[in-house]
Amino acid sequence: MKIWRWVFVGLVCTAFILRIDAVELGRRHPTERISGSAGDVLEDDPVGRLKVFVYELPSKYNKKILQKDQRCLTHMFAAEIFMHRFLLSSPVRTLNPEEADWFYTPVYTTCDLTPNGLPLPFKSPRMMRSAIQLISSNWPYWNRTEGADHFFVVPHDFGACFHYQEEKAIERGILPLLQRATLVQTFGQRNHVCLKEGSITIPPYAPPQKMQAHLIPEKTPRSIFVYFRGLFYDVGNDPEGGYYARGARAAVWENFKDNPLFDISTEHPTTYYEDMQRAVFCLCPLGWAPWSPRLVEAVIFGCIPVIIADDIVLPFADAIPWEEIGVFIDEKDVPNLDTILTSIPTEVILRKQRLLANPSMKQAMLFPQPAQPGDAFHQVLNGLARKLPHDKSVYLKTGQKILNWTAGPVGDLKPW
């Protein structure tokens, strides 16, 4: 039996190498572009289609928080900081609020960090409430719509529910004062309490310069079939892996830790980015939340993302053709992952790789400094522009109120 087992493994690896050779040949093809709405929308130019007014808040809401901890500039939630900086110098910014289509309130709600660099969400709703009270008492624009023409960047694990544990996020719900506003958030899962209809889903922040520094020659063969580095079990919170990632990561490890086609480990090597560029498929399973920076990294490095997160709403889904560049695996089908991936025709793999090689696809996933055409900043603006003009129903009649200022957990109502 042992002899036949190793013969089988040898045949699988041979087939794998032949496929990789075919894939490498495909890498020499010209970059492929998707025509139609997705490809066209990716290259939209928002300039001239909208105007944004940026509220000037006291520095305690943003700059002073960052001064206390510069780590906020590099964690996966840093989009709120860079979006603020971008808008201050963006050609869509207007200094005249009377002509603004949208109003932006720069609050750094994820910049209160633990010693390990993880955001603490406990002050976030109080900080946001305080900022909204400030703009509503000093400017007339919030009151006329109760925020329906305002947008907020809320990149927490579960967006404006402001918590990293799902059950507590669901219990809290979206901050009541944000119920009419447009949310720009990393979290997206269909039919979830913490995803507001009309939200703009963005990628988590990944440092562009850091990834640029790890690029390897484009013709390097992709000699790894499936790649993943990360936790399979959250030992501190869920040692048996039944709740963490809804059991999907534990299933990956239990089924494929000894499979020669799977290069998976909890160790995070210094060659992590280089290894992704040598892989055909990169696993992007959910964790406690359904998304992670792996999705951005996979796209940047041309590794086909294998998305394991039921009902996930992906970044800029109206502009990026995720179904054509990625592979979607239902969480219940993780034990069949090897069969599913090895059965994908070579020509399908080649096309996904050519689409991933499109520079506009990569650019849309990044928040570079300075900003560049088609980047994630511009995709956010495109999303805002596509929501214009505002329906007349968003404007309230004199004295009309919809939002309840005293709704929400008692702790969230404390002053900040």
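Where is Pro-389 found? Pro-389 sits in the segment after helix 16. Helices here are DSSP runs of H or I with at least four residues, strands are runs of E with at least two, and both are numbered from the N terminus.

This is a predicted model, in which local features need pLDDT of at least 70, side-chain atom pairs count only at pLDDT 80 or more, and totals for chains, interfaces and linings use all residues. Residues are numbered from 1 along each chain as its sequence is written, and side-chain values use heavy atoms, with hydrogens and water left out.

## Backbone points

Most residues other than glycine have a negative phi, and most peptide bonds are trans.

| Peptide bond | Omega |
|---|---|
| Gln-369 to Pro-370, cis | near 0 degrees |
| Leu-388 to Pro-389, cis | near -5 degrees |

Pro-370 lies in the loop between helix 15 (359-363) and helix 16. Phe-162 has a phi near 50 degrees, which is positive although the residue is not glycine. Phe-162 belongs to the loop between strand 3 (150-153) and helix 7.

Two strands pair if DSSP finds at least two bridges between them. Val-52 stands opposite Trp-102 in strand 2.

Strand 6 (residues 224-229) runs parallel to strand 7, with four bridges joining them. Arg-229 has Ser-265 in strand 7 as its bridge partner.

Contact means heavy atoms within 4.5 Å. Axes are lines fitted to C-alpha atoms, for helices over the stretch in contact, and angles run from 0 to 180 degrees between N-to-C directions.

## A helix pair

Two packed helices are described by the angle between their axes and the distance between the axes. The axes of helix 4 (residues 79-89) and helix 16 (residues 376-385) come within 11 Å and cross at roughly 75 degrees. Helix 4 and helix 16 are therefore roughly perpendicular. Angles of 65 to 115 degrees count as roughly perpendicular, under 35 as roughly parallel, over 145 as roughly antiparallel and the rest as oblique.

Phe-82, Met-83, Phe-86 and Leu-87 in helix 4 meet Phe-377, His-378, Val-380 and Leu-381 in helix 16. The residues of this contact are seven nonpolar, one polar and no charged. Ala, Val, Leu, Ile, Met, Phe, Trp, Tyr, Cys and Pro count as nonpolar, Asp, Glu, Lys and Arg as charged, and the others, Gly among them, as polar.

## Pocket and cavities

The largest pocket has a volume of about 1,500 Å³. It is lined by 45 residues, and the closest to its centre are Met-76, Phe-77, Leu-118, Asp-157 and Pro-293. Its lining has 19 nonpolar, 16 polar and 10 charged residues.

The whole structure has four cavities of 30 Å³ or more. The largest cavity has a volume of about 50 Å³. Its lining has nine nonpolar, two polar and no charged residues, among them Trp-291 and Ile-312.

On a 1 Å grid over the protein atoms alone, a cavity is a set of points where a 1.4 Å probe fits but cannot get out. A pocket is an open set with protein on both sides within 12 Å along at least five of seven lines, and lining residues have an atom within 4 Å of a point. Grid points are joined across faces, edges and corners, and a volume is the space filled by probe spheres set on the points.
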